[in-house]
Amino acid sequence: MTTNDLLRELEWRGFVQQTTPGLDAHLARGGGPVTAYCGFDPTAPSLQLGNLMPLMLLAALQRHGHRPIVLMGGGTGLIGDPSGKSSERPLLSKEQIRENVQRQRDQVARFLEFGAGKTAALLLDNAKWLVEQRLVDFLRDVGKHFTVNVMLQKESVQARMEGGLSYTEFSYMLLQAYDFLHLYRERQCTLQVAGSDQWGNITAGVDLIRRVENAEVHGLVAPLVTRASGQKFGKTESGAIYLDPAMTSPYKFYQFWINTDDRDVERFLKLFTPLSPDQIGELMARQQKDPAARAAQTALAVDVTTRAHGADAAASAAAAAGVLFGDFDPRRAGPLVFETLAQEVPTTRVARDALTLVDAVVQAGLAKSKSEARRAIEQGGIYVNQQRAEEITPADWIAGGNLLLRKGKKDYALLRAQ
């Protein structure tokens, strides 16, 4: 793979908005892989969907023979990055930052190849070198290379001038620049990648290394991901989509991707999966031929959910979605699918011996009284395991003691045997 092929692929996937001059020549140089890093902010317990774009950019570089570094901001997280923020962040405790770093480490490990070898990913924490810095030494060695008037021109600072920017957040740029310098010295890192809101911080590091080490390093930023509908990427009516399954279930994660707008799906396949141009082209041809089948959305949802949560969780999420919204027969579903359903629909534990359908409908909360339940059954509005029913039989308790009830078209409840 030549550098031109690599850069063309990055551009085709939508990863390139701006680069430092000479990046193409830098990637083409011999002597082994280029080491590239991206920083991640641990001010939340989990990474969000917005963090997937730089992770997939690092993964693309790794696939083409370069070495990625994931830098957890255990040190910079104590300060808070003002980029993209309209007001000052609340400062988190050191203990909370450490806990967030540990949780995010586990999530990142699913997206890159770690282990041995020249291109194996590294996961570092800038607390290791930032927290031990002495203020006077840092100001002498780093601060003297920055002028306030240049810092004031950076977009991340300009955007906050009217509302106010503390000295704490103003200093963030120096800390990120020092990260780049440290990684250049210790890991021979010569490329920093990020979203476009980090361009000012990246170029500050590029300038610092040029001044201190008389060396050339580079930056690459990708456009911030948007949705054709105008809705913010990674957000739903119920809030942000997280990579932590305790904060966003694998089912809800899968549903976010399966509900991708037709106008966005090709772009998201390029950004968030490693599928080749031919594979994506084939999916889009199938999509155009039969849009209702949503082949492209399904491929996107399966690929990203598998990467984030594992193959079993992705398969269970897909099957659960098929049970609720498709034509997947719940009687073919295994226990993991019902574990998934139990997180998504009202679920009740019951003693199944001598349980009538009337009692089941009431206990499940699909009717307020037995008389209301009887009317619904008589009118053909009650379904057991997606089949219209008038009674419950022992065979209806499936996958180890689960019974899926539906009233009308979309009111679901799950009964689980005690």
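**Exercises on a predicted chain**

The chain has an accessible surface of about 20,400 Å² (Shrake-Rupley method, 1.4 Å probe; for residues, only the protein chains shown count as cover). Carbon and sulfur atoms hold 48% of that surface.

This is a predicted model: local features need pLDDT of at least 70, side-chain atom pairs count only at pLDDT 80 or more, and totals for chains, interfaces and linings use all residues. Residues are numbered from 1 along each chain as its sequence is written, and side-chain values use heavy atoms, without hydrogens and water.

**Exercise 1.** State what share of the 418 residues is buried.

*Solution.* Take the cut-offs: buried means under 20% relative accessible area, exposed over 50%, partly exposed in between (1.4 Å probe, protein chains only). Buried residues then make up 51% of the chain.

**Exercise 2.** Decide whether Leu 135 is buried or exposed.

*Solution.* Next, read its relative accessible area, 62%. Leu 135 is therefore exposed.

**Exercise 3.** Decide whether Thr 340 is buried or exposed, then list its contacts.

*Solution.* Thr 340 sits in helix α17, residues 335-344. Its relative accessibility is 12%, so Thr 340 counts as buried. Now set aside neighbours within four places in sequence. Thr 340 then contacts Tyr 251, Ser 316, Ala 317 and Ala 320 (heavy atoms within 4.5 Å).

**Exercise 4.** Find how much of the chain's contacts with a separation of 6 or more joins residues 24 or more positions apart.

*Solution.* Such pairs account for 72% of those contacts.

Note on methods
Helix = DSSP H or I, 4+ residues; strand = E, 2+ residues; numbered from the N terminus.
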